Structure formats: structure tokens, C-alpha cells
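Please view the sequence and the structure first.

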Amino acid sequence: MSELIQSLEGWVDYRDRVLASGQPIGLVATMGALHEGHLELIRRARTETDCVVVSVFLNPTQFNDPKDLERYPKTLGVDLSLATEAGANVIFAPSRDSLYPDNFSYKVAETVLSSNLEGEHRPGHFEGVLTVVMKLLNLVRPTRAYFGEKDYQQLKLIEGMARAFFLGVEIVPVATVREADGLALSSRNVHLTAEGRKMAPEFHRSLKQTTTIEEVRRDLEDKGFTVEYVEEVGQRRLGAVVLENVRLIDNVPI
Ligand code: AMP
């Protein structure tokens, strides 16, 4: 079983020993409730770095909806075994108070890329994301950090932050892992009923169609999704929908 470290002091001790031995660290930052998408990031880190650290931290500052935070699945015991099997050396699961000694009075903000799409529909979300990722990168000091393309705008913002602040970490993108029917894996999918689960892959199917974004929107609404946005930015088509009170996001290359 990988080591579970929950205190900052314990983590800093462990990290300093790894860094002193000259082993590169790979970071996979997660909010827990691990699934195959997370495990793919861990496996990739395993092949490219010596010490694979999986952080499990349900970051309150990136939730604009308190109900979403409250019902987010929490499965630390299972996460520990899944991450171990996928090749993690250590799970770093700090407490909220230890990661936010400042009570979130210090924030990392981005003002251009973050104002549309997810940023527009989830006020404050990206400040929470960028702030916690900055904290984790500073604490973990990885050579490489792995992020999923499933959260495409987040990935781009983290790449930009690493460049803007000369963080000296390589941000490695990992392709979206999907169910056989195309639904992007997400920790929130467990909240769908059997009927919702059957309908959910229509989101990806519709995004992939080579029609206009207006047609995609209409198609999804006809099928019973509430559409927050469907937009094309550069070579990507990105969307967010709500089905049975479950918010789903996805994106495809165009
Ligand atoms: P989360 O626990 O949702 O914050 O996700 C942690 C990391 O896993 C992020 O970099 C996500 O983009 C990535 N991730 C989540 N779901 C998937 C997926 N289906 N495929 C690839 N990466 C994913």
C-alpha cells in the first residue's frame, strides 16, 4: 500500500528525503473519488517519474455551489488502494485548515482566459483551482504534474500559470478517459440515475457531430439536457450541461 500522509510536516519530511535522493517527483492532483480517468494520470506519471504523489484534497474554494461540495463522493480508503495499484508511491491528503492557513485571503487570479465558459458559469471557480494548484505545486515540488484534458480550460489555465510565474514544472496533458459509450468519466457520474446514465453519452455524441454549435445546443435541449454553454475556441468545441441536477462538462477537438 502506498504511504498515506495527512500532515504538512510529514509531507515536507518525506519530500525533502525524495528530493535529496535526486528522484524526480510526479504529481497527480485530485479531489478524491478516484476513477479510471485519475488512474490513467497516475499510470502515466509512473512511467515518467520515480516518485508518484497523488494529492487527495476536496478543495472547498473551487466550489461555487455549496450543495455540490456537500454531496461530492468521499472515498479515501478506496482511493488509497486504487492509487497504489496504479503506481502511486504516496497519497498526500492534507486538511483544509493546513492548506489554507490564510483562510483564502491570498488568491491566484487570471483575468483573460478564465472569464468565459466555466469561469462565466461558475463564479470564483478558477481562483479556487489556481490557488490550490499553486499551493500543491509549491508544497510537492514536482518535476512534472499531470492534468486531464477533460477539464480543458483548467488545463490551459494551469499551463499559463506555470509559464506566468516561472514555476519550473512541466505540465503534462492526458487525454480524456471515457466509458465505452463515450461518456467522459467523472466523479459526479455516480449521481445519475440508470435512466440519466443511459442518456448522458448523448452529450459527447452530440458535441462530436460536425454540425454548428447552435444545432448541438438544440439537439441537447430536445433530449432533455439543460445547456449552460456550447462554444468553439480555437480547435476545440467545449460544452457544459446539466442532467438530473448533475453538471457534466466535455470537450472534443474540431
Ligand atoms: P478532479 O478530481 O475531478 O479534480 O480531477 C483530477 C484530475 O483528473 C484533473 O487533472 C482532471 O482533469 C483529471 N480527470 C478527471 N476526469 C478525467 C477523465 N475522464 N479523463 C482524464 N482525466 C480526468
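**The ligand and its shell**

Of the 17 residues around the ligand, those that come nearest are His38, Gly148, Asp151, Val177 and Leu185; a residue is near if one of its heavy atoms lies within 4 Å of the molecule. The model is predicted: local features need pLDDT of at least 70, side-chain atom pairs count only at pLDDT 80 or more, and totals for chains, interfaces and linings use all residues. Residues are numbered from 1 along each chain as its sequence is written, and side-chain values use heavy atoms, with hydrogens and water left out.

**Polar contacts (pairs of N or O atoms within 3.5 Å)**

- Aspartate 151 places a polar side-chain atom 2.6 Å from an oxygen atom of the ligand.
- Glycine 148 has a backbone N or O atom 2.9 Å from an oxygen atom of the ligand.
- A nitrogen atom of the ligand lies 2.9 Å from a backbone N or O atom of leucine 185.
- Of the 490 Å² of accessible area that the ligand has on its own, the protein covers 93% (Shrake-Rupley method, 1.4 Å probe).

**Elements of the shell**

- At least two shell residues come from each of β2 (25-30), α2 (36-48) and β5 (144-148); helices (H or I, at least four residues) and strands (E, at least two) are DSSP runs, numbered from the N terminus.
- Helix α2 gives the most, with three residues.

**Glycine 37**

- Glycine 37 belongs to helix α2 and counts as buried because its relative accessibility is 13% (buried means under 20%, with a 1.4 Å probe and protein chains only).
- Beyond residues up to four places away in sequence, glycine 37 touches Val177 and Leu185 (heavy atoms within 4.5 Å).

Technical notes: Polar contact = N/O pair within 3.5 Å; in protein donor to acceptor, adjacent residues only side chain to side chain. Buried < 20%, exposed > 50% of the residue type's maximum accessible area, 1.4 Å probe, protein only.
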